[in-house]
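Visitor: Hi! Could you walk me through this one, please?

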Amino acid sequence: LNDIDSWLKKSQLNVAAIHCKAGKGRTGVVVSSYLLHSNFCKTAREAMEYYGQQRTVDGFGLTVASQQRYVYYYELALREKALMARIRAPRKLSPRFRISSVTIYPIP
């Protein structure tokens, strides 16, 4: 998805073609995940619904449960990445303490 993103950002004339045998399931996983990756959609559900509306007449694009699950996994991974970035952000540190000794006693 990073490669797709960097390619599309290089020029407004660039396009990305995503395909599989039928063009719904595996393609839907990649396209829905990219919609999340690019912040076009905020949730996995929104991304899959948007893909279904754009790709199919009946609005059911990504229907296989295991494929949907991986889009949800990607949403969770993106949230975790954002959370970790906030945790690692510079912030005012609380006072530091130094451990001067450690004593280990045997089990009686």
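Visitor: Okay, Lys9: buried or exposed?
Guide: Lys9 is exposed, with a relative accessible area of 65%. Buried means under 20% relative accessible area, exposed over 50%, and partly exposed in between (1.4 Å probe, protein chains only). Before we go on, this is a predicted model, where local features need pLDDT of at least 70, side-chain atom pairs count only at pLDDT 80 or more, and totals for chains, interfaces and linings use all residues. Residues are numbered from 1 along each chain as its sequence is written, and side-chain values use heavy atoms, with hydrogens and water left out.

Visitor: Which side chain does Lys9 meet in a salt bridge?
Guide: That of Asp5, at 3.1 Å from N to O. A salt bridge here is a side-chain nitrogen of Lys or Arg within 4 Å of a carboxyl oxygen of Asp or Glu. Asp5 and Lys9 both lie in helix α1 (residues 2–10), 4 residues apart, about one turn of the helix. Helices (H or I, at least four residues) and strands (E, at least two) are DSSP runs, numbered from the N terminus.

Visitor: And Asp5, buried or exposed?
Guide: Asp5 counts as buried, at 12% relative accessibility.

Visitor: How many salt bridges are there by this rule?
Guide: The count comes to 2. Another pairing is between the side chains of Arg79 and Glu75, at 2.7 Å from N to O. Arg79 and Glu75 are 4 residues apart in helix α4, so about one helical turn separates them. Glu75 counts as buried, at 9% relative accessibility.

Visitor: Why can side chains pair like that?
Guide: Side chains of opposite charge can pair when their charged atoms come close.

Visitor: Switching topic: which residues make up the largest nonpolar core?
Guide: There are 9 residues in it: Val29, Leu35, Leu36, Cys41, Ala44, Ala47, Met48, Leu62 and Val71. The elements giving two or more residues to this core are α2 and α3. A nonpolar core is a set of buried Ala, Val, Leu, Ile, Met, Phe, Trp, Tyr and Cys residues joined through side-chain atoms within 4.5 Å.

Visitor: What is Ala47 in contact with, leaving aside neighbours within four places in sequence?
Guide: Ala47 is in contact with Ser32, Leu35, Leu36 and Cys41. Contact means heavy atoms within 4.5 Å.

Visitor: What about Gln67, buried or exposed?
Guide: Gln67 is buried, with a relative accessible area of 18%. This residue lies in helix α4. If we skip neighbours within four places in sequence, Gln67 touches Gly25, Arg26, Val29 and Leu62.

Visitor: How many aromatic pairs does the structure hold?
Guide: It holds 2 aromatic pairs. One of them is Tyr70 with Tyr73, edge-to-face, 5.0 Å centre to centre with 80° between the planes. Rings of Phe, Tyr and Trp (its six-membered ring) pair if their centres lie within 6.5 Å; planes under 30 degrees apart count as stacked, over 60 as edge-to-face and the rest as tilted. Tyr70 counts as exposed at 53% relative accessibility, and Tyr73 as partly exposed at 41%.

Visitor: Last one: where is Asn39?
Guide: Asn39 sits in the loop between α2 (25–37) and α3 (44–55). Its phi is near 65°, a positive value in a residue other than glycine. Most residues other than glycine have a negative phi. Asn39 is also exposed, with a relative accessible area of 52%.
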